[in-house]
Amino acid sequence: MEDLFTAGARTLAPLADRMRPRTLEDFIGQSHIVGRGKLLRRAIEAGRLTSSIFWGPPGCGKTTLAYIIAESTQAAFVKLNAVTSGVNDVREVLREAQERLTLYGQPTYLLLDECHRWSKSQSDSILPAIEQGVIRFIGSTTENPMIAMTPAIVSRCRLFHFEPLTDEEVTSAILNAIADPVNGYGEQDVQIDDDALEHIAHVANGDVRSALNALELAVLSTPMEADGSVRITLKVAEDSIQSKVLQMDESLFYDMLSAFCKSLRGSDSDAALAWFARMAKGGVDPRIIVRRIIVHASEDVGLANPMAMLQAVAAMQALEAVGMPEARLSIAQAIIAVCESPKSNSACVAVERAFEDAGRGGYQPVPVHLRDTHYRGAEKLGHGEGYRFPHDFPGHYVEQDYAPVEAEGMPYYVPSEEGYENEIRALREQRGFDDDPDPSR
């Protein structure tokens, strides 16, 4: 039960904190893990939740669910923040947890916010306590724990992935706050237009905390009407939550970059532009994006359209010259050029074969006719003897051996039948090249 001072402090807390659900019945969203009959819900209701990691974007209920666990269990509950706590703080928690378990048989839940921020030494300090059951660890993180956390911790915890709330769920949270007479605005006459409600819910992008913060700002900053009501219009809502919240953690960044690269390779200009825009809005360094365009101009287009590489490099030069946001036009042009070009990975395959061959070692001396002849005395050594100068022959081509003696697996480069490579293939056929690749490779 709250005392007078706790209750007073609570009334001064932000709306998002005041409206934090206290029971599973009031909890909004995440029905895939806390819906009736789901494993996490059954474990919480039975008081048997083991060490877990709650992973998901901000404002989706991770910390709230941890507090619900604290309210519904007879276990002790301790909260730490990985940014401000150190090994000494953890040792004190573990000491007290051991005493509770030994003297009273009471388990302890340790909630660690931003758990991905802990170093390996900090993480290792709680491993024995988790294994021995001294504490039940609940980690809360916005980062993919498989990437951002030490494997030793992850392997000892059950991972629960929280999804962003839907617009309908965020709308429900807003309406609950307006109607709640104790923690919300139920004692006031707060009216919100449908388009304003829809705007806040949509722009919050699944983050109920962001939505409630916008609602609170709108209510506190909007003058009362003559009848004492507060009306939130679309204009007020737009001023209260001005830009869409895009959470760009490390995992999402790599997922988006992967989707962008696959869209370039898959010749879908619209999809590639969509991922480019989302990454740019999320604060990704545009140089990273342009570097990938340059790579794919060779890896997936290559000589099927040599102009694609020029477009990609020009986009990088434009970015360095004019910066963003102007350079997004040049970047978009390069993206479209790569997407709409005929595709060939023959250059990529060719260089991989060449490097694989070179990796075998066993290099032989350079053939005599290919050796350097520019210095005095090279002729006495026989360098260049037998070399035939291509420009002395019809078509500026003459057949002779250029490859290292030990080279295997040729041809490395086999032109495709796409775009300009079709012309290269025809020219190579005239010169007598065998471009049928070895089917065993």
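This is a predicted model: local features need pLDDT of at least 70, side-chain atom pairs count only at pLDDT 80 or more; totals for chains, interfaces and linings use all residues.
1. **Largest pocket.** Start with the open space. Rolling a probe the size of a water molecule over the atoms shows where empty space is left. The largest pocket has a volume of about 670 Å³. Its lining counts 32 residues. Closest to the centre are Ala16, Met19, Arg20, Pro21 and Thr64.

2. **What builds its lining.** Several elements contribute at least two lining residues each. They are helix H2 (15-18), helix H5 (62-72), strand E4 (135-141), helix H11 (167-179) and helix H13 (208-221).

3. **Second largest pocket.** This pocket has a volume of about 570 Å³. It is lined by 16 residues. Gln400, Tyr402, Met410, Arg428 and Phe433 lie nearest its centre. The lining holds nine nonpolar, two polar and five charged residues.

4. **H17 and H19.** Now the helix pairs. Two packed helices are described by the angle between their axes and the distance between the axes. Helix H17 spans residues 286-301, and helix H19 spans residues 327-340. They pack at an angle of about 25°. Their axes are 10 Å apart. An angle under 35 degrees counts as roughly parallel, so H17 is roughly parallel to H19. The crossing is left-handed. From H17, the contact uses Pro286, Val290, Ile293, His296, Ala297 and Val301. From H19 come Ile331, Ala334, Ile335 and Val338. Nine of these contact residues are nonpolar, one is polar and none is charged.

5. **H11 and H12.** The crossing of H11 and H12 is right-handed. Asp167, Val170, Thr171, Ile174 and Leu175 form the H11 side of the contact. Leu197, Ile200, Ala201 and His202 form the H12 side. By class, the contact has six nonpolar residues, two polar and one charged.

6. **H15 and H16.** Helix H15 covers residues 250-265, and helix H16 covers residues 269-281. Their axes are 8 Å apart, at an angle of about 155°. Angles over 145 degrees count as roughly antiparallel, and H15 and H16 are therefore roughly antiparallel to each other. H15 passes H16 in a left-handed crossing. On H15, the residues in contact are Met256, Leu257, Ala259, Phe260, Ser263 and Leu264. They meet Ala271, Ala272, Trp275, Phe276, Arg278 and Met279 of H16. The contact divides into 10 nonpolar residues, one polar and one charged.

7. **A cis peptide bond.** Two backbone details deserve a look. Most residues other than glycine have a negative phi, and most peptide bonds are trans. The bond between methionine 324 and proline 325 is cis, with omega about 10°. Where does proline 325 sit? It lies in the loop between helix H18 (307-322) and H19. H19 is also the partner of H17 in the packing described above.

8. **A positive phi.** Asparagine 205 is not a glycine, yet its phi is positive, about 60°. The residue is found in the loop between H12 and H13.

Technical notes:
Residues are numbered from 1 along each chain as its sequence is written. Side-chain values use heavy atoms; hydrogens and water are left out. On a 1 Å grid over the protein atoms alone, a cavity is a set of points where a 1.4 Å probe fits but cannot get out, and a pocket is an open set with protein on both sides within 12 Å along at least five of seven lines; lining residues have an atom within 4 Å of a point. Grid points are joined across faces, edges and corners, and a volume is the space filled by probe spheres set on the points. Helices (H or I, at least four residues) and strands (E, at least two) are DSSP runs, numbered from the N terminus. Ala, Val, Leu, Ile, Met, Phe, Trp, Tyr, Cys and Pro count as nonpolar, Asp, Glu, Lys and Arg as charged, and the others, Gly among them, as polar. Axes are lines fitted to C-alpha atoms, for helices over the stretch in contact, and angles run from 0 to 180 degrees between N-to-C directions. Angles under 35 degrees count as roughly parallel, over 145 as roughly antiparallel, 65 to 115 as roughly perpendicular and the rest as oblique. A crossing is left-handed if the near helix is turned anticlockwise from the far one by less than a right angle, and right-handed if clockwise. Contact means heavy atoms within 4.5 Å.
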